[in-house]
Amino acid sequence: MNINTNYQNISDSYLFSTIAKKVNEFAAANPDKKIIRLGIGDVTLPLCKVVVNALKSASDEMGVQETFRGYGPEQGYDFLKTKIQSYYKNNGVQLDLDEIFISDGAKSDLGNILDLFAQDNTVLVPDPVYPVYVDTNTMAGRKIIYIDANAENDFLPLPDKSVKADIIYLCSPNNPTGAVYNKEQLKAWVDYANENNAVILFDSAYECFITDENLPRSIYEIEGAKTCAIEFCSLSKMAGFTGTRCGYTVVPKSITSGDVVLNKMWLRRQTTKFNGVPYIIQRGAEAVFTEEGQKEIQENLNYYKENAKIISDTLKKHNIWHIGGKHSPYIWLKCPNNMTSWEFFDYLLNNVQIVGTPGSGFGKNGEGYFRLTSFGSRENTLEAVKRLDEFLG
Ligand code: PLP
């Protein structure tokens, strides 16, 4: 056999393993020091009660002959798709049920969607970026071009008409920067994609953190998006499903290439390569979209947002430039005293035992920046800002 040699073009040291290694070494050498982790974007609050109850009763159903279920529809049960359809409707977006595909999370579908596109497409990726977009395309041997996200454009790059791209990744609210596109800015991307016969892969994994009604939570709030954009969303951050695994992908029927409808292609792909998300998990996900579920998850989201405010207020007090944290769980800060991202990482770990994520791990424009997350416990967040305050002061 011959291997896919494109895998040799991806770096084998994953950002978070390097961080874990450094932290473990520090912990072994300093067993008396308490380390506070504000690095990895994983949630810490448990699942909501209404979700746990739904998971339990669905498990009971599976143990009874009359209610047992085997293979379900590959694209998800209607009971969950109907709930997601209503969720979109509340934001003024009308979707057909067969445009919604239930997945085991956004990461899988962000990679799997590439099955639909030819290898010779040019991929446009903002820098800095969630590493999955780059790695999945590198594995497939596609040409990637980067568009600079930096302080000059508020980390929200706009299309450059002289650049020709076929597949465009956008993530808003953004990981790692927390920056959020407004409607006019997204419209510029939608127009560019439609004019260039390109597709936008829109990652809305953090839409639930948006509180400003004027900011778009879905790309379909933008006129023209249904002919060029596929949207990926996840219950991971919305409802603490990082370990439970459920998300959804929207492929509008009006995206075509010649006379080929992408929605049909994706259905064909999914029915061939995917056998659906477990019934029990889909019942848990359904509960998230009930009135009670929305109320309970909002309490958790508010908790994380308050953590973000606590961190942001301390950075402001010490005049540390930062964005994000408002409609996002991520705070993106400029490392003080022109330190590099890894220098600042070591500086924080050694002096105040706070772990964050070096911005350079997300791309060259991330150099000199640093990401903190608000997903920690309140106690740890308060302890972290106390240490920062004393140290920086
Ligand atoms: N998209 C972005 C931007 C993310 O940051 C993450 C996870 O951190 C994902 C997608 C993956 O989400 P999921 O847990 O649904 O696979």
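## Salt bridges

How many salt bridges does the structure hold? There are 17 salt bridges, each a side-chain nitrogen of Lys or Arg within 4 Å of a carboxyl oxygen of Asp or Glu. One of them joins Arg269 to Asp115, with their closest N and O atoms 3.0 Å apart. This pair links distant parts of the chain, 154 residues apart: Arg269 sits in helix α8 (residues 262–273), and Asp115 in the loop between α4 and β3 (122–127). Helices (H or I, at least four residues) and strands (E, at least two) are DSSP runs, numbered from the N terminus.

## About the model

This is a predicted model, in which local features need pLDDT of at least 70 and side-chain atom pairs count only at pLDDT 80 or more, while totals for chains, interfaces and linings use all residues. Residues are numbered from 1 along each chain as its sequence is written, and side-chain values use heavy atoms, leaving out hydrogens and water.

## Around the ligand

Of the 15 residues around the ligand (a heavy atom within 4 Å), Ala106, Asp203, Tyr206, Ser234 and Ser236 come nearest. Helix α4 (106–112) and helix α7 (236–239) each supply at least two residues of this shell, and the largest share, three residues, comes from α4.

Some polar contacts (N or O atoms within 3.5 Å) are worth a look. A nitrogen atom of the ligand is 2.6 Å from a side-chain N or O atom of Asp203. Ligand oxygen atoms lie 2.6 Å from a polar side-chain atom of Ser234 and 2.9 Å from a backbone N or O atom of Lys107.

Definitions and conventions:
Polar contact = N/O pair within 3.5 Å; in protein donor to acceptor, adjacent residues only side chain to side chain.
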